[in-house]
Protein chains: 2
Amino acid sequence: MTRERTPHQASVTDTVELLGLVAQLEDSAFDRHAADAANAPDAEGRLLHSRFAAQSVERRDRVLSRVTELGGDPVAAIAPYNTVLDDFDVRTQPSTWWERLLKGYVGAGVSDDFCRLAARNLDPVSRALVLDVLDDAAQAEMSVRSLENACAQDEVLTARLALWGRRVVGESLQIVQRLLVNHPGLARLMTHAEHQGPVAETDGQPALPVVEPATPAAPGKVLNELTAEHTRRMSRLKFTA
Amino acid sequence: MTRERTPHQASVTDTVELLGLVAQLEDSAFDRHAADAANAPDAEGRLLHSRFAAQSVERRDRVLSRVTELGGDPVAAIAPYNTVLDDFDVRTQPSTWWERLLKGYVGAGVSDDFCRLAARNLDPVSRALVLDVLDDAAQAEMSVRSLENACAQDEVLTARLALWGRRVVGESLQIVQRLLVNHPGLARLMTHAEHQGPVAETDGQPALPVVEPATPAAPGKVLNELTAEHTRRMSRLKFTA
């Protein structure tokens, strides 16, 4: 019997399945930031969002390099996710700059948390890369600051955006459910992750090996955890999630 | 009498006027490459063009850093050119991927040549930066290769694209004329540059001081030179410019 990996360290196939998703999310973030740059209300906003777009390309390419290192094909890894956000984007067309910003904050928050959870049992190099790539505190900080300023004196806007945030998170969680149904590798990674602590405790240390469950876990726990993280994010905005 | 700069080294004001244009052109290139990425016929093309988009952001920001070093304000430097390509874009809406690629090749070719010409009398640091930023041989090479492949077996496409190239260069040269009318600093830089050799001889060495002309030169010589460079570029594609 070979024991080449720690119990529950993800297989290379499953790892590449997650890396493909992370790369696609960064690729979609590039589109989103490019549109943000085009729609930014002032020149400073334009410069800032185009920089975020450039960062997303760099992050995507770092993830794709890891796919290559693992013997995978970058284009093949990203391809299954090409249309993953299409429905989401159709259902959450922002009608104002603030809706656009909040959509990014909420949507990226959920998808990043999902990937962080799924990344727990990757090999240490892949896991560190995913956590590093998804660590976009600067962008979240900027969104929070802008939205807070806009909402400070405007209760109507605050109420509207709170509603909008609920809509965006609802659609985001539907994507998560569809991902788990359509991508068995992601479901396996999540099943293992579910047997560990909450996402907020991720500290960059290798996860402890756990006993493999007999059946894949239902996504209920994942969704609860993602919802809790979302509520925490919205409370930074003093919205009711 | 002070002689703090070489005769005909551009003033800081004129330098910032050109750097603002270069930054805006890179900013527009970001938009163009982002749209190219969204329209690319395959995943490889999408990856490639989004990388070009990221490069444009990085180049724009290097130019804006130089503006700051020279005591200028980056946003103020770029602002006068915000709409410089709007008319051009309305008049040259590509209807196919190949028209899109050729538009980039021709349009960026003309605007880059214009900036290279105007950069001749900048201080050595600014000039080296402009020449480095505009040195996008890789992008031009990619465009030429793709267009050659597409045209190799297709005389109808070749004929159509040759026509399209003439339209794009005509509109590009109109932009150049408008720039020289509306931006006195650019006109001054060009007047000095006209008294030197052709653009192709630029070799990174400081330009020799020349006698200042009594009146600003007509843009005829500039346009001739830009047209000659365009013809050379089109001949790489075996089109008749």
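**Close-up 1. Salt bridges across the whole predicted model.** A search of the whole structure, which is a predicted model, turns up 34 salt bridges over all chains. One of them joins the side chains of Asp132(A) and Arg62(A), with an N to O distance of 2.7 Å. Asp132(A) belongs to helix 6 of chain A and Arg62(A) to helix 2 (residues 43-69) of chain A, so this pair ties together parts that are 70 residues apart in sequence.

**Close-up 2. Helix 1 beside helix 6 in chain A.** Here we stay with helix 6 and turn to another of its partners. Helix 1 (residues 12-39) of chain A and helix 6 (residues 124-133) of chain A pack with their axes 11 Å apart, at an angle of about 20 degrees. The two helices are therefore roughly parallel to each other, and their crossing is left-handed. Helix 1 brings Thr15(A), Leu19(A), Val22(A) and Glu26(A) to the contact, while helix 6 brings Ser126(A), Val130(A) and Val133(A). By residue type, this contact has four nonpolar residues, two polar and one charged.

**Close-up 3. Helix 8 against helix 10 in chain A.** Helix 8 (residues 155-182) of chain A packs against helix 10 (residues 220-236) of chain A at an angle of about 155 degrees, and their axes are 11 Å apart. Because angles over 145 degrees count as roughly antiparallel, that is how helix 8 of chain A runs relative to helix 10 of chain A. The crossing of these two helices is right-handed. On the helix 8 side you will find Gly165(A), Val169(A), Leu173(A), Val176(A) and Gln177(A), which meet Val222(A), Leu223(A), Leu226(A), Thr227(A), His230(A) and Met234(A) of helix 10. The residues of this contact divide into seven nonpolar and four polar, with no charged residue.

**Close-up 4. Where chain B meets chain A.** Finally, we move to the interface between the chains. In this view, 18 residues of chain B are in contact with 18 residues of chain A. The size of an interface is often given as the accessible area lost when the parts come together. For chain B and chain A, the area buried between them is about 1,600 Å², with 62% of it on carbon and sulfur atoms. Six salt bridges are counted between chain B and chain A. To pick out a salt bridge between Arg46(A) and Asp31(B), follow their closest N and O atoms, which are 3.1 Å apart.

Terms used. Residues numbered from 1 in each chain as written. Chains lettered and ligands numbered in written order. Predicted model: local features only at pLDDT ≥ 70, side-chain atom pairs only at ≥ 80, totals over all residues. Heavy atoms only, no water. Axes fitted to C-alpha atoms, helices over the stretch in contact; angles between N-to-C directions. Helix = DSSP H or I, 4+ residues; strand = E, 2+ residues; numbered from the N terminus. Parallel < 35°, antiparallel > 145°, perpendicular 65-115°, else oblique. Left-handed = near helix turned anticlockwise from the far one by under 90°. Contact = heavy atoms within 4.5 Å. Nonpolar A, V, L, I, M, F, W, Y, C, P; charged D, E, K, R; others polar. Buried area = accessible area lost by both parts, 1.4 Å probe. Salt bridge = Lys/Arg side-chain N within 4 Å of Asp/Glu carboxyl O.
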